[in-house]
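Hi everyone, thanks for coming. Let me put the sequence and the model up on the screen, and then we can walk through a few spots together.

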Amino acid sequence: RAFERARRVDPTRLESCEVYSTVLWHLKRETRLSHLAQECVSVDRLAPQTWCALGNCFSLQKEHETALRFFRRALQLDPKYPYAHTLCGHEYFANEDFEKAMTSYRAAIRVDPRHYNAWYGLGTVYYRQEKYELSEYHFRHALGINSRSSVLFCYLGMAQHALRRTGDALELLQRAVALDAKNPLAKYEKASVLLSDDKFQEALLELEELKTVAPREASVFFLMGRIYKKLGLADQAMVNFSVALDLKPA
């Protein structure tokens, strides 16, 4: 909403449009993102923000190679543009080209050591590679820069859980939920930690709340099925497993 108000006040302003385009990407608002990119092109097709917005359009459509081409064009226009380096990293990560992703994130950090998105990006690479202590270090560094991010608290909590630090993981995931009650990943991961600690009823409570936010997320019903199975409630387990399969067939 803040970005939309800013656009209404000054539709020719390109500053922060790359961030706005990423917000629209996360919200899956494809039409609005396409309009924003077109507006940016009409204002200045030689601005790096324009090419980032265009790249995010194609990224949302999972056309990662095209998105990368546009993000690299942004870097041709401004080689010291950390956000474009980070967006390149995200696309490489989506393609599971982790080495190139890390190179892009590190390039962003060289330009701006306080660019927390790149520290987060490195953390996600290390987490995917199961190098959990390294992922913890990078998520914690990112949080040191942006301490109000629900996403960062969530991923740090996930890293702590992977390191079998259940108490710390729960505390971090609770802070993630407190910062953004509609963060579905934080609630799901919190339920997973509670399950691993045999706190079945608390885990079910989290998942029931999560169903109101993400009613068509198969993984939620699958995890509920696992919990009911552990509680010896076979019928309820089967109901949830069946819903999960209907939502996401094997």
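Let me start with a question: does lysine 187 count as buried or exposed, and at what relative accessibility? Lysine 187 counts as buried, at 6% relative accessibility; buried here means under 20% relative accessible area, exposed over 50%, and partly exposed in between, with a 1.4 Å probe and protein chains only.

Before going on, a word on the basis. This is a predicted model, where local features need pLDDT of at least 70 and side-chain atom pairs count only at pLDDT 80 or more, while totals for chains, interfaces and linings use all residues. Residues are numbered from 1 along each chain as its sequence is written, and side-chain values use heavy atoms, with hydrogens and water left out.

Back to lysine 187. Its side chain meets that of glutamate 206 in a salt bridge, 3.0 Å from N to O; the rule is a side-chain nitrogen of Lys or Arg within 4 Å of a carboxyl oxygen of Asp or Glu. Lysine 187 lies in helix α12 (residues 184–196) and glutamate 206 in helix α13 (residues 200–213), so the pair ties together parts that are 19 residues apart in sequence. Helices here are DSSP runs of H or I, at least four residues, numbered from the N terminus. Glutamate 206 is buried too, at 10%. Lysine 190 forms a salt bridge with glutamate 206 as well, the closest N and O atoms being 2.9 Å apart, and lysine 190 is also buried. With Glu209, these residues, Lys187, Lys190 and Glu206, are linked in a network of salt bridges. By this rule, the count comes to nine salt bridges.

Now please look at helix α10 (residues 150–162), which holds glutamine 160. The axes of α10 and helix α11 (residues 166–179) come within 8 Å and cross at roughly 165°; axes are lines fitted to C-alpha atoms, for helices over the stretch in contact, and angles run from 0 to 180 degrees between N-to-C directions. The two helices are therefore roughly antiparallel, a term for angles over 145 degrees.

Glutamine 160 is buried, with a relative accessible area of 3%. Leaving out residues up to four places away in sequence, glutamine 160 touches Glu136, Arg140, Arg165, Asp168, Ala169 and Leu172, where contact means heavy atoms within 4.5 Å.

Finally, helix α3 (residues 30–43) and helix α4 (residues 48–60) pack at about 155°, with their axes 8 Å apart. That makes α3 roughly antiparallel to α4. Thanks, all!

Notes
Angles under 35 degrees count as roughly parallel, over 145 as roughly antiparallel, 65 to 115 as roughly perpendicular and the rest as oblique.
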